[in-house]
Amino acid sequence: DWGTWIYRGLATLLIACPCALVISTPAAIASGLAAGARRGLLIKGGAALETLGKIKTVAFDKTGTLTVGKPQVTDVIAIEGDGNEVLAKAAAVEQGSSHPLGFAIVAAARARSLAIPQAYGGASAVPGKAVVARLSEGFVSVGSPRHAAELNLLPPSFEDAVQRHEAEGKTVVIVATKERALGLIALRDEPRPDAVAGIRWLKALGVDTIMLTGDNRRTGQAIASALGLDVRAELLPEAKLQAIAELKTVGPVAMVGDGINDAPALAASSVGIAMGGGTDVALETADAALLSNRVTGVAELVSLARATLSNIWQNIALALGLKAVFLATTLLGVSSLWMAILADTGATVLVTANALRLLRFRPASTASSQEIA
């Protein structure tokens, strides 16, 4: 009769209300973002969080990302004059630099109480190669050995010293004028204490890891071997972009960096992740930031993102499954109108409660990663 079908029709309308399905994704995303923020993992929106859950490769910068970012000057070797003079001229060029190597050179010169010459007109950078400034005696550059070799400034007898220091995992810079090299400065930047644990954790999650660095091949290989990941070295900023593009052909790529030179790669990657102690440019460009400056934070991000995606699918299954069951029972006349109301409201409550479980998110591999460290 009409009364029965009108009654069942009203119940069906209640069952068909998509509130639970509509809220299943945003509730999980909001909980995931909040859970990340509690752990010092800032993510700029749900799109970045979803992409993180599908990451296939994580590419790391070296200086300030896998390493502490506070290199120390270990050796100063002069070709002309003495070591203090070479260090003082290098400090004059690097004054005002935001690069960790520049900070280290200036700090070493001040620690030795050296008189740092005045640089006129400020310094200019040759991206990925050198920094140049005009001193009273002319232009002086602080750059990579490769750049010095390209300009034929590096004496053949000096190349052995460069290779020896690079094989020890040190970064070597050449201090030179336009005509000749004045000397070299070797710096050592130690890996972060949790870098090995972070790399192993990512591998346990099935994520490939690689280091993209502008440093020389020998230094890059020494650091990569100690940490247990692949490496591509001697990359200029544009070469990093090409490497990111190649990696993206395999699957979504996350780039982790902290410096100005990393900004293009961070923007080009599927998800850019900046270390919290990095430059403002890197933090602005990236889609996520690790306030704790821990490499294990990258693995935590991936774990959180995967947990969020899993929660979304659980919510969708819960919402649709509950609706399907009550739709069938309503059409058969088994469920009453008040049960349909309970099913509609209950599905929304269950989906929301399930999403809120993410607020208690604890990475499953935290304990094991600490044991590894």
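Colleague: How many bridges pair strand β6 with strand β7?
Modeller: Residues are numbered from 1 along each chain as its sequence is written, and side-chain values use heavy atoms, leaving out hydrogens and water. Helices (H or I, at least four residues) and strands (E, at least two) are DSSP runs numbered from the N terminus, and two strands pair if DSSP finds at least two bridges between them. For β6 (residues 138-143) and β7 (residues 171-177), which pair in the antiparallel sense, the number of bridges is four.

Colleague: Which residue in β7 is the bridge partner of Gly143?
Modeller: Along this pair of strands, Val140 stands opposite Thr177 in β7. For Gly143, the bridge partner in β7 is Ile174.

Colleague: How many residues lie between β5 and β6 in their hairpin?
Modeller: Strand β5 (residues 130-135) runs antiparallel to β6 and is joined to it by six bridges, with Ala130 standing opposite Gly143 in β6. The number of residues between the two strands of this hairpin is two.

Colleague: Which strands stand at the edges of the open sheet of six strands?
Modeller: The order of this open, antiparallel sheet is β3-β8-β7-β6-β5-β4. Each edge strand has a single partner, so one side of it is left without a neighbour in the sheet; these strands are β3 (72-78) and β4 (120-126).

Colleague: At what angle does helix α6 run to β8?
Modeller: Axes are lines fitted to C-alpha atoms, for helices over the stretch in contact (heavy atoms within 4.5 Å), and angles run from 0 to 180 degrees between N-to-C directions. Helix α6 (residues 100-111) lies across β3, β6, β7 and β8 (181-188), and its angle to β8 is about 105°.

Colleague: How are α2 and α15 oriented to each other, roughly parallel or roughly antiparallel?
Modeller: The axes of α2 (residues 19-38) and α15 (residues 337-356) come within 8 Å and cross at roughly 15°. Angles under 35 degrees count as roughly parallel, over 145 as roughly antiparallel, 65 to 115 as roughly perpendicular and the rest as oblique. The two helices, α2 and α15, are therefore roughly parallel.

Colleague: How many charged residues are in the contact of α1 with α15?
Modeller: The axes of α1 (residues 2-16) and α15 come within 8 Å and cross at roughly 5°, and the contact includes Tyr7 and Leu10 of α1 and Leu337 and Asp344 of α15. Ala, Val, Leu, Ile, Met, Phe, Trp, Tyr, Cys and Pro count as nonpolar, Asp, Glu, Lys and Arg as charged, and the others, Gly among them, as polar. The contact holds nine nonpolar residues and no polar ones, and the number of charged residues is one.

Colleague: Which residue in β12 is the bridge partner of Gly257?
Modeller: In another open sheet, with mixed pairing, seven strands follow the order β1-β13-β12-β11-β2-β9-β10. Within it, four bridges join β11 (residues 253-257) to β12 (residues 271-275), which run parallel. The partner of Gly257 in β12 is Ala274.

Colleague: Over which residues does pLDDT stay under 50?
Modeller: The chain averages a pLDDT of 86, and 97% of the residues score at least 70. Where pLDDT is low, the predicted coordinates should not be read in detail. The stretch that stays under 50, for which the model has nine contacts beyond four places in sequence, is residues 366-373.

Terms used
Predicted model: local features only at pLDDT ≥ 70, side-chain atom pairs only at ≥ 80, totals over all residues. pLDDT = per-residue confidence, 0-100.
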